[in-house]
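Visitor: I am new to this structure. Please show me how to read it, one feature after another.

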Amino acid sequence: MPLRAREIRAVAGRHPRIVDAGIAGALAVFCGIVLTGRTGATVDPATPLDWVAIVVVSAPLIWRRRAPVVVFLVTTALFWFAAAVGAQSPASFLVSLTTVHAVARYRPARFVWPAVLLSVVPAMANRPSDGPAWGAFFAVSAVTVTAALIGVNQRTRAAYLWNLEDRAQRLEQERDQRARLAVAEERARIAREMHDVVAHHLAVMVALSDGAAATAEGAPQRAAGVMTQVSATGRQALSEMRRVVGLLRTASSGELRAPSPGLPDIDGLVERVREAGVRVSVIRDGVPGDWGPAAGLTIYRIVQEALTNTLKHAGPRASAEVTLRYGPEGAEVTVVDDGAGRHAREPERAERHGLAGMVERVSAYAGKVDAGPRTGPGWRVHARLSLGGES
């Protein structure tokens, strides 16, 4: 379609009432030309009643899109009235065709064929009296059915194009929604990583700093060694933070600057907590399966979060036991501490970020986390991960 034709159609789509008024005016003018006798379609001279009939019959077309059925019924009634009072309107059959087309274009099919039948009768009533009846009937019927079929075809095409546009719009919205969900999920994952890294290393550094401050006067050499451990822990924290923040700058999660921690790094994690003062023992049962680095990272973060909470809430004088059980269907992680002899309390909502992070990690593997105070002093964390099949 040429650009100018598309522009004309766009303007017409924005101003439908003006277009309909133009169609009504054009039909009235054409009927007037026919009525003057220049085309030979009329025999008697035109009377003022004939001119009034042309204007009155054409005027309802202004509302043909908004109320096509009503316009059709009104024009049909006006046809009968014009025939009853003897007004000449030989070309007004075009108005009837326009209303039939409007009904077929803008209304369902159940309105179309009754409109076709009703439009043929007034057209036959206004035909020249000397014309053949059956020939006129078939000609009028063929033209009317053609107008109806054109309208039905346009309505079907318009509905098809609307469905295509609606589907394209919904697909675009779904694509944008999936992109937003992916971004939100990635941000939540990075937030969990940052929380685990920062909370653990800061807790270790605080415990080591307290120990160095307590031994600075009596054993300065030991305090210096503890501060060296603080420095090493800080550098490791910075290294892990750079790795996590690097996810924000890379195109995909596979472009990491350093490997994520996993099952082999649990011993180093336990050793750092021991250096902070917590007595930690590790019990392993079974052999880990080939579950991939993501499962190893999840188990590592669960142990890290549990020991961080032990160090943070029970203090460096507490004892903890880490039990790792591996089986063909998954893994179980249990971390129990004695609370340094103190009974634990349920955390407030604002203090449950670490526990919420554990639940989110485990839920990715159809697992479950139980965390809460023990019957006696201390705290217990138990996580079960289903790794034998699909998550």
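Guide: Let us begin with one residue. R274 is partly exposed, with a relative accessible area of 37%. Buried means under 20% relative accessible area, exposed means over 50%, and partly exposed lies in between (1.4 Å probe, protein chains only).

Visitor: What kind of model is this, and how are residues numbered?

Guide: This is a predicted model: local features need pLDDT of at least 70, side-chain atom pairs count only at pLDDT 80 or more, and totals for chains, interfaces and linings use all residues. Residues are numbered from 1 along each chain as its sequence is written, and side-chain values use heavy atoms, with hydrogens and water left out.

Visitor: With which residue does R274 meet in a salt bridge?

Guide: First, the general idea. A salt bridge is a side-chain nitrogen of Lys or Arg within 4 Å of a carboxyl oxygen of Asp or Glu. Here the side chain of R274 meets that of E271, at 3.6 Å from N to O. E271 is partly exposed too, with 37% relative accessibility.

Visitor: Where do R274 and E271 lie?

Guide: Both are in helix α9 (residues 266-275). They are 3 residues apart, about one turn of the helix. Helices (H or I, at least four residues) and strands (E, at least two) are DSSP runs, numbered from the N terminus.

Visitor: How many helices and strands has the chain?

Guide: There are 11 helices and 5 strands. The chain has 391 residues, and 36% of them count as buried.

Visitor: How many salt bridges are there by this rule?

Guide: The count comes to 6. Among them is the pair R170 and D166, whose closest N and O atoms are 2.9 Å apart. These two residues sit 4 residues apart in helix α7 (residues 133-215), so about one helical turn separates them. R170 is partly exposed at 40% relative accessible area. D166 is partly exposed as well, at 24%.

Visitor: Which residue forms a salt bridge with R175?

Guide: That is E172, with the closest N and O atoms 4.0 Å apart. R175 and E172 are 3 residues apart in helix α7, again about one helical turn. E172 has 42% relative accessibility, so it counts as partly exposed.

Visitor: Back to α9. How do I read its packing against α10?

Guide: Start with the axes. They are lines fitted to C-alpha atoms, for helices over the stretch in contact, and angles run from 0 to 180 degrees between N-to-C directions. α9 and α10 pack at about 10°, with their axes 10 Å apart. That makes α9 roughly parallel to α10. Angles under 35 degrees count as roughly parallel, over 145 as roughly antiparallel, 65 to 115 as roughly perpendicular and the rest as oblique.

Visitor: Which residues of α9 and α10 meet?

Guide: Contact means heavy atoms within 4.5 Å. I266, L269, V270, R272 and V273 in α9 meet I299, Y300, V303, Q304 and L307 in α10. By class, this contact has 8 nonpolar, 1 polar and 1 charged residues. Ala, Val, Leu, Ile, Met, Phe, Trp, Tyr, Cys and Pro count as nonpolar, Asp, Glu, Lys and Arg as charged, and the others, Gly among them, as polar.

Visitor: Is R301 buried or exposed?

Guide: R301 is buried, with a relative accessible area of 1%. Its place is in helix α10 (residues 293-314). The side chain of R301 makes a polar contact with the side chain of Q304, at 2.8 Å. A polar contact is a pair of N or O atoms within 3.5 Å; within protein, one must be able to donate a hydrogen and the other to accept it, and residues adjacent in sequence count only if both atoms are side-chain atoms.

Visitor: Where does D337 lie?

Guide: D337 lies in strand β3 (residues 330-337). D337 is buried, with a relative accessible area of 5%. A polar contact of 2.9 Å joins its side chain to that of T310. A polar atom of the D337 side chain also lies 3.0 Å from the backbone nitrogen of G339.

Visitor: Which residues does D337 contact, leaving aside its neighbours within four places in sequence?

Guide: They are T310, S319, A320, R374, P377, G378 and W379. Across the chain, 71% of the contacts with a separation of 6 or more are between residues 24 or more positions apart.
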